[in-house]
Amino acid sequence: MSSAETNNRINGQIAPSQCPHLIDYRSRHGSKPFRALQDCLRIKPPGGRASIRRDPAEVPRCATCGDCSAPRHYACLACAVVSCHAESGSSHAASHASSMPPGHEIAVDVDRAELFCCACCDQVYDRDFDAAVVLAQTSSFTTLASDLSTAVSDLKPENLRKRRRVDYRPWSPDMRERFLIGNGSIPLSACNNNSGKSLDMDLPWGLRGLNNLGNTCFMNSVLQALLHTPPLRNYFLSDRHNRFHCQQKNGSSNHNTNCGGKRNVGESNGNMGARICLACDMDAMFSDVYLGDRTPYSPAKFLYSWWQHAANLASYEQQDAHEFFISILDGIHEKVDKNRRKPHNQCNGDCCIAHRVFSGILRSDVMCMVCGFTSTTYDPCVDISLGLEPSQGGSAKLASMKAFNSCNGEADCMNSSQSYGVSTLTGCLDRFTRPEKLGSDQKFFCQKCQIRQESLKQMSIRKLPLVSCFHIKRFEHSSIRKMSRKVDQYLQFPFSLDMAPYLSSSILRSRFGNRIFPFDGDEPDMANEISAEFELFAVVTHTGKLDAGHYVTYLRLSNLWYKCDDAWITQVNENTVRAAQGYMMFYVQKMFYYKVSEKQDVP
């Protein structure tokens, strides 16, 4: 900005004062100097950047040179002459302002709807003009929301016929399926090279099966993902949480149970809560799994400790893998809060290793559809639950088989997903961060209107975690029909994921451009911008029905994929992973961003 400008404050933020040429323009044109521009505002849905066009199909050209490919085109607010401008080089916009009498200095960017002073050669800001643009975008959101609600209501179920109930029968592979399994997987026990020498020494470190202790595939699948989460693995293997030191510090022993998970005689129920430390059990499991032994490991001690933490789930019945994942992180975090004697809700993401790895921050914007007032809230999260995109027709099973048989890479799979109308992870994220109109029963109290108004809600990601976990909502519960079902729709997920488009800074920038007041209290974080590239390393899948299914995990280790099916570990190719029915996907940042901070004693 110009050096002669002084600073004032807008909503607690330091903002530049108005340009003297803009003040002069406002004095010349009365109380509403930008009324003529309101009819020329064009908004590219959904919630796109505003532009200035008298005709939507108009192509701006410089009146001096006739060029339409210049980086910027500015229209004079006084005479509507369009001139080009380049930061390095000649500026016909500045030449026009200098050749005309006073009053022609202020222009508007026809592609961005932002004010520009041709005399100062700098952007200028006017709150009334920016408010008019935001209101135009609000009306665009309203039209988009109504169109979306109409489109969703027009969707019809794929099959309206009543389905015949079929008794459950265990699956056994036929000859063709046995052939496909034999070609697509390599048992580790039979993995030999041409010379007959076992390749066991070449297998990734820590690759070990987990015994099923009785319908515990939900636990084994999540534990395999956690055991190979890079930041979590590095934390425990570097002895950052020493279980022996933790037990001495708390004055208790966490090893008063035998191998079968039975309590010793004489233990009191009152002391059980003080002895349970899931972080200590996790440390013990990391030590055992990464010893180098390839025989399957039995996590009986960890299962028993988890039962003590989640007593309502202490049974040998099948549980939900996502619920187990949340419960484990909550157990590690809860133990830390008790040790530090601070409330459970005062965690900023750095209090324990579980939150340091998986915790992010979501931003929720609720905007009044009448005046444009926006209420913003921030909520911590350890995962993001995504709903599948509405089915566009076609069979999900057919699309899955097509992807399995024909996809040779991410580009082919993307084309396949577009052809057969299946869901994609990026499409689910777009749907998650898309503005949605809240129903009439969800009106919020607008602080500016002082009454309850209809509103638009938009989610975005304020802070990215080191490891992003995406949970796909595959289990639906209907309160009307009083029944539950599983959604078997195929989901295409990329091996590399760019999270930059879903950050709060990116969404606000695309919505408001370079306007200053919508960013109040939410300055862009450079760490998020730098570390927005993620890499897939684990996929938890679910096969079968809602009441009779099985969990399996696919792990990416040393650029090879391995299928972890309880105690059985087999090597598979990428197409097998792409065709799997993803339930939970784990992505890790490609580049970690470190900042200088005080040394913390994190348990």
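A residue is called buried here when its relative accessible area is under 20%, exposed when that value is over 50%, and partly exposed in between (1.4 Å probe, protein chains only). Keep that in mind for what follows. This is a predicted model, so local features need pLDDT of at least 70 and side-chain atom pairs count only at pLDDT 80 or more, while totals for chains, interfaces and linings use all residues. Residues are numbered from 1 along each chain as its sequence is written, and side-chain values use heavy atoms, with hydrogens and water left out.

Let's start with the whole thing. The protein has 603 residues, and 46% of them count as buried. There are 19 helices and 28 strands; these are DSSP runs numbered from the N terminus, with helices being H or I over at least four residues and strands being E over at least two. Contact means heavy atoms within 4.5 Å. Of the contacts with a separation of 6 or more, 68% are between residues 24 or more positions apart.

Now go to helix α10, residues 278-289. From first C-alpha to last, the 12 residues of α10 reach 16 Å, close to the 16 Å expected at 1.5 Å a residue; the expected span is 1.5 Å times one less than the number of residues. Since 10 of those 12 residues are buried, α10 is largely enclosed by the rest of the structure. The buried set runs Leu278, Ala279, Cys280, Asp281, Met282, Asp283, Ala284, Met285, Phe286 and Val289.

What does α10 meet? One partner is α6 (residues 217-227), whose axis comes within 11 Å of that of α10 and crosses at roughly 80 degrees. That makes α6 roughly perpendicular to α10. For the record, axes are lines fitted to C-alpha atoms, for helices over the stretch in contact, and angles run from 0 to 180 degrees between N-to-C directions; under 35 degrees is roughly parallel, over 145 roughly antiparallel, 65 to 115 roughly perpendicular, and the rest oblique. On the α6 side you'll find Leu223, Leu226 and Leu227, meeting Met282, Met285, Phe286 and Val289 of α10. The contact is made up of seven nonpolar residues, with no polar and no charged ones. (Ala, Val, Leu, Ile, Met, Phe, Trp, Tyr, Cys and Pro count as nonpolar, Asp, Glu, Lys and Arg as charged, and the others, Gly among them, as polar.)

On to the cysteines. The structure holds zero disulfides, a disulfide being a pair of cysteine sulfur atoms within 2.5 Å. Cys68 is in no disulfide, and its nearest cysteine sulfur, in Cys65, is 9.5 Å away. Cys68 is partly exposed, at 38% relative accessibility. For Cys121, the closest cysteine sulfur belongs to Cys118, and at 7.2 Å that is too far for a bond.

Cys121 sits in the loop between β8 (115-117) and β9 (122-123) and is partly exposed at 43% relative accessibility. Ser558, also not a glycine, has a positive phi near 55 degrees. Its place is the loop between β25 (549-557) and β26 (560-565), and Ser558 is exposed, with a relative accessible area of 62%.

Gln489 counts as buried, at 12% relative accessibility. Its C-alpha is 8.3 Å from that of Arg474, which is 15 residues away along the chain.
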